[in-house]
Amino acid sequence: MAPAWTVLSPPPNPPLSSLFSGKPNTIKPKPFIYWRKRSDSSNYRRTTVLITNAKAGQDQDKDKESGTPAFNPFGFVTDNPSSRSAIQIEESPAESGNVGQMLYRIEDKGKEYGSYIKSGDLRWFVRETGSAGSRRGTVVFLHGAPTQSYSYRVVMSEMSGLGFHCFAPDWIGFGFSDKPQPGYGFDYTEKEYHEAFDKLLDDLGIKSPFYLVVQGFLVGSYGLTWALKNQSRISKLAVLNTPLTVSSPVPGLFQKLRIPLYGEFTCQNAITAERFIEAGSPYVLKLEKADVYRLPYLASSGPGFALLEAARKANFKDISSQIAAGFASGKWNGPILVAWGIADKYLPQSIAEEFLKENPSVRLKLIEGAGHMPQEDWPEKVIEVLRAFF
């Protein structure tokens with residue numbers, strides 16, 4: 001019977017004596033031994049692949065002897081400064097933390113001004129600043145996919161100080177709101193989102209007319225299609241970087257989600273939201289902000305599957321057509337502000353300008369230095385334009 005060390009045959013160079021213990025004719029147990037040639041010499045180095053005997057994380061960040069970086073299967077995560085703590089290959093996982101420990105560290109983050117509201121069979125997470133007696137009226141802020149109302153926290157805080165009563169819900173399936181399994185009370189269609197939002201407004205006691213601020217793809221677009229059906233309930237409408245024309249491009253994320261099997265894999269990426277934000281912005285999110293956008297996707301698979309279902313149920317071109325035709329038809333008589341982050345890498349400035357040509361009464365304000373989410377990139381400038389408009 002061949003000795004154990006011949007499972008992976010070594011080259012002839014290493015001394016065979018290194019494989020034996022002190023006793024004559026006794027083979028020292030060395031399971032799963034293989035030999036690796038160093039890049040800077042002709043010598044061979046013996047490596048043991050026995051997990052129970054190896055130091056956790058050995059040679060993962062760098063081969064200390066050769067200086068050659070070790071292969072990191074999660075490099076696509078850890079190479080990004082803002083998401084470096086999302087998935088780490090630690091040298092000592094038990095000491096440095098794992099996903100569960102990271103959730104414990106960040107589980108209370110990002111709920112500023114928020115509380116849970118039961119509306120029908122659904123539980124919404126809604127942020128609120130100001131009070132019902134605020135002299136300048138009520139503002140409702142709606143976010144887009146795949147983010148959450150957290151993006152409005154700074155704007156809401158300042159707007160309430162200016163005399164506004166502000167609300168910002170996490171859409172169902174996003175942020176800290178419920179994520180029902182499709183087919184069990186909610187199927188993530190445009191119609192269901194409209195009906196659920198109507199019910200939420202009633203339960204919050206929001207009286208019409210109110211100011212509406214909308215931003216983003218998918219559920220953000222549903223905010224605009226809801227507005228087109230409920231113009232009498234809206235005093236003034238402000239739009240931040242949202243698809244407004246038929247020519248509005250669809251980001252790669254939503255296209256990937258619609259591919260069978262590949263979409264199921266994509267939706268479970270814990271850093272989906274933060275990477276989407278960064279890809280549409282000239283900035284990298286600070287870690288404390290990235291933690292909040294990442295948290296729902298780390299806590300369960302629900303947000304990912306909700307995003308997947310919503311993306312597959314949506315007809316993006318049809319929604320853009322509804323919006324373009326709805327406002328261009330002359331049916332909308334109220335004031336509209338389009339505040340556009342000109343560094344948006346998903347929706348170029350030309351989208352806002354094309355919308356303006358079809359709707360000459362629209363006020364267009366370009367926000368320099370801001371990308372797809374101006375309320376996150378440069379909230380002070382958003383506050384300035386909203387204060388002047390409202």
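**Reading the chain, from fold to side chains**

Tutor: Let us begin with how the chain meets itself: among contacts in the protein chain between residues at least 6 apart in sequence, 72% join residues at least 24 apart. Please keep in mind throughout that this is a predicted model.

Student: How many helices and strands does the protein chain have, and what percentage of its residues are buried?

Tutor: The secondary structure consists of 15 helices and 10 strands, and of the 390 residues in the protein chain, 47% are buried. The accessible surface comes to about 18700 Å², and carbon and sulfur atoms account for 53% of that surface.

Student: How should I read a salt bridge, and how many salt bridges are there in this structure?

Tutor: The general idea is a distance rule, in which a side-chain nitrogen of Lys or Arg must lie within 4 Å of a carboxyl oxygen of Asp or Glu. By this rule the count is 11 salt bridges. One of them joins Glu195 to Lys191, whose closest N and O atoms are 2.6 Å apart.

Student: Where do Glu195 and Lys191 sit in relation to each other, and are they buried or exposed?

Tutor: They are 4 residues apart in helix α5 (residues 190–204), so about one helical turn separates Glu195 from Lys191. Glu195 is partly exposed, with a relative accessible area of 42%, whereas Lys191 is exposed, at 57%.

Student: Which residue forms a salt bridge with Asp198?

Tutor: Asp198 pairs with Arg233, and the closest N and O atoms are 3.3 Å apart. Because Asp198 lies in helix α5 while Arg233 lies in the loop between α6 (219–229) and β8, this pair ties together parts that are 35 residues apart in sequence. Asp198 counts as partly exposed at 24% relative accessibility, and Arg233 is buried, with a relative accessible area of 16%.

Student: Which residues are linked with Glu376 in a network of salt bridges?

Tutor: The network links Glu376 with Arg153 and Lys289. Within the pair formed by Glu376 and Lys289, the closest N and O atoms are 3.6 Å apart. Glu376 lies in helix α14 (residues 374–377) and Lys289 in helix α10 (residues 287–299), so the pair ties together parts that are 87 residues apart in sequence. Glu376 is buried, with a relative accessible area of 6%, while Lys289 is partly exposed, at 23%.

Student: What should I look for around Lys236, which is buried yet has no salt bridge?

Tutor: For such a residue, one can look at the nearest opposite charge and then at the other surroundings. For Lys236, which is found in strand β8 (residues 234–240), the nearest side chain of opposite charge is Glu384, 16 Å away. A polar atom of the Lys236 side chain does, however, lie 2.8 Å from the backbone oxygen of Phe389. Leaving aside residues up to four places away in sequence, Lys236 touches Phe210, Tyr211, Leu212, Pro335, Phe389 and Phe390.

Student: Which residues form a nonpolar patch on the surface?

Tutor: Ile259, Tyr262 and Phe265 form such a patch, and together they have about 340 Å² of accessible area. Tyr262, which is found in helix α8 (residues 262–266), is partly exposed, with a relative accessible area of 39%.

Key. Residues numbered from 1 in each chain as written. Predicted model: local features only at pLDDT ≥ 70, side-chain atom pairs only at ≥ 80, totals over all residues. Heavy atoms only, no water. Helix = DSSP H or I, 4+ residues; strand = E, 2+ residues; numbered from the N terminus. Buried < 20%, exposed > 50% of the residue type's maximum accessible area, 1.4 Å probe, protein only. Lys, Arg positive; Asp, Glu negative; His and termini not counted. Polar contact = N/O pair within 3.5 Å; in protein donor to acceptor, adjacent residues only side chain to side chain. Contact = heavy atoms within 4.5 Å. Areas by Shrake-Rupley, 256 points an atom, 1.4 Å probe, with all protein chains shown as cover. Patch = residues over 30% accessible without salt bridge, like charges linked within 9 Å, V, L, I, M, F, W, Y side chains within 5 Å.
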